[in-house]
Structures are given as C-alpha cells and as structure tokens.
Amino acid sequence: MKQGNMMVEFLLSLSNDIALIRDKDDFLRVLRERLREVIHFNDIVINIFGDDGKSLVPYLYYSEGRRRHHPAFQCSGHSKLGSDHIFEAVMAAEQPQVFNVRKLLQAKSPPAYIPLFRETGIVEFSGIRLRSATQEIGCLFLFSEQTGTFPDPVLQLIKGVSHQLSIALANILANERIASQLKEIESYKQRQHLQKEIAAVDIIGNSREMQQVFHLISQVAPADSTVLILGETGTGKELISRAIHNHSPRKDKLLVKVNCAALPVHLIESELFGHEKGAFTGATERRIGKFEIAHNGTLFLDEIGELPLAMQSKLLRVLQEKEIERIGGKSPIQIDFRIIAATNRDLKKEVEAGRFRKDLYYRLDVFPILIPPLRERKEEIPELADYFLQRFTQRSGKPAMRLGDTVREEMMTYHWPGNVRELEHLMERSVLLTNGAVIEQLFI
C-alpha cells in the first residue's frame, strides 16, 4: 500500500462509508469490502464487553475457508479480562498489536484457541481496542493465513480508522439497546391489551359499600387526579386501578405497575427512574425506568407504604416537578404521568410513627378510595364464588360444578382474612380437588 496522499484519500473515502453505517450488516460489509482493498486479511472478529463488564464476547464474525462453518472457531472468541493475555495486551495498548500463531504456541500455556487457529490455517492476526469518548466497547481482530499481512503502514491505517469504527459500533449498540427496550415496551403493551377488559369483568359487587366504590371510580377516572386506594390485602386494589385507568383519557396508553414491597432496596431507584450505562457497578447498559415507560399513561404504585424513607423524598420531588433523572444522568427528563397508589397500611399512623413522609402522604391523598373487606360485604360472597367457580371449571376443562348448600352456609360464616383473593384461590383449589358435580367440602 502506498503512503501519503493515497492513504489520506482512502481514509476520507472510508470515513464516508463508515458515516453511512446503520446496522451490524453495514458494519460488516464496510470491514469486509473496504478494508480488504488495502489489507489482505481472511477473517474478522469483533468482541464487545458482556453484561458483567469484564467478559469479552463475539459480536460480529466473518470467516473464510476451513473456518467458515467451523463451530469451535466461531465460539473461540469468548474471554475474560484477567485470564487471557492476548485480550489484555490489546485492551491495554494504544496501538494495534500483532500476534504470530507459531510463536504463541511456543509460549507457556497459550490460550486454548491458538492451536485451533493453527489447525485451521491462521498464521498471524492483529487486534486493536475499540473505545468511544465515553466507553470501552471491545476490540477488533483481523486474521490472516499468510505472514507479513500487518506491516507498520497497515497498522497505522488500522489505528487511523479505529476511532471512527468505535463511534459507528457504539451507535449500533445503542440503537440495538433502544430497539430492545422498545420491544420490551411493546410486549408490555400487548400484555396490557390482553388485560384491558379484566376490570370490567372481575369487579363484582352489589353491596352498598361496593356501589359507593364504583361511584367514586366513575367520578375520578375522567380526571387526572392522583388516587390513593386503601384496603386490606386481597381486596382487589389492582383491579380498581385498572378500572380507573381503563375509563380515563389515558386508556390507550400503558398502565405500568410497580410493587414497592417486592423491589430490593438497592434497585428501587433504578427500577423507577432508570440508569445510564456505567452509573454503578453492574450497570452495563442504559435502562429506562418505570416512570419513562409510563409516559403519557398511568403508573400504579402498589404497596406504597413499603417504600423506604430515602426513596419517599425522591418520589415526592418527581411528583412535584413531573420530571425524573436517571441514575448517572446529566439532565432531567420531563414525564407526563398519572399516579395511582395503593396500600394496606394506615398511612396516617405511618406518618405519626415517622415511617412515612407527611408531605408525600398529602401529595398522594388527593382522592382516596377505601375498599371494604369481604367480611363487611358478605352478601357478595355467593355471586363471587359462582363467578370464580365458573371460571376455574372452564379453565380446567371439567364439567360444570355447583356449591352444596352446607358449603354455602359455611362460606357465609367464615371471616375471610385473605378477602376476595382468598375466596378466588379457595374456589380454584376446590375445583381441582372435587371429582363430582357438587362441591361438598371447603378446602380452607
């Protein structure tokens, strides 16, 4: 390859091609077609950092000859920093590194893939680190079946294009992550669509208490007010949240549920607000939080009384400012959302005990809805029981069943500490354990 102007012209031409790269296929095509105009290599492997931030795994692969369909060769690029001196050398150097397979085989304890290279015709290879201004991406390897493929001018060329290749690869990986996140959101939407009409079907109640709940739902659903749903465990707070969302102007957007009691303390902030890559140990990629997913929709904060005090203050700020900031982020993100919160705790007592912020309580307690326990509306038990009985017989494929008179009487005297959820599970269990057409025993 000639020096001087020809190299400059080639680099400018290659730069134009790199600027047009949009995806993995474009990237491979530019490497395979353009670089081979001036470098007589045979194979290409690009390794990127895995989720642990330490392992380098194959991301892009192109091979010729005996290695083209060789499964062992395709899987040979997995490595972990600290356990492979070749990857260590490449990632530690500013300049491209050249390795001779014969010399590597003569060294003590060569990596397991080096004999494989020799068996499949590789004579030498060169590697260079790939990094953008903000992140270490991985490394590029070019393999050759002949010696002398990587003289100094070629190495300078590889060095010259590595930065542009790094930027293009970083953009591709970022687009792939965004596409993955969009796919996750779309999957979430599809699951929501399947559940869309559940609230209209599953909320059953003819008692005066439940009629009052339905009235409150009808009053608050069209508004954008924050709702606080109160009630014991198993009373159906999530169904109420769905009913409010499904009858609101946001019904065509997402209802995103967060169970505050189920989130590990060290992950709550990331789960709610998201994080940038590298924000903390283990943050190997950017992640959008539940607030961003709920943009233009509704965020249901279940078990809000379990939220730690440190997070309560951050949640309060988000509710006040209507903006979030990802962990490690540099600028706030405006979010449009409606909040529905729920708890089985007495938040007034939690405030008095110092376990819940008073200002957050009043921010949430805009429109409270109290769901009465099942023991206070026992007249609904027969209708609920028959509804669940029909659902579970159909689901199990069994013939229609009915409850015996004695069982119905027993159900009316039982105190139902688990509320509607306990009744639902009892009916499912009874269907599975009953062989005849009449359920004569409660499996409490």
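Predicted model: local features only at pLDDT ≥ 70, side-chain atom pairs only at ≥ 80, totals over all residues.
Reader: Which strands does helix H9 lie across?
Author: Helix H9 (residues 208–220) lies across strand E7 (227–230), E14 and E15. It runs at about 155° to E15. Contact means heavy atoms within 4.5 Å. Angles run from 0 to 180 degrees between N-to-C directions, with axes fitted to C-alpha atoms, for helices over the stretch in contact. Helices (H or I, at least four residues) and strands (E, at least two) are DSSP runs, numbered from the N terminus.

Reader: And what does H10 lie across?
Author: Helix H10 (residues 237–246) lies across E7, E8, E11, E14 and E15. Its angle to E7 is about 150°.

Reader: What's the strand order in the open sheet?
Author: E8-E11-E14-E7-E15, five strands with parallel pairing. Strands pair if DSSP finds at least two bridges between them. The edge strands are E8 (255–259) and E15 (367–370). Twist averages 20° from one strand to the next.

Reader: What stands opposite Phe300?
Author: Ile340 in E14. E11 (residues 298–302) and E14 (residues 338–343) pair over four bridges.

Reader: Switching topic. What does Ile46 touch?
Author: Its partners include Phe27, Leu31, Val57, Leu140 and Leu169, not counting residues up to four places away in sequence.

Methods:
Residues numbered from 1 in each chain as written. Heavy atoms only, no water.
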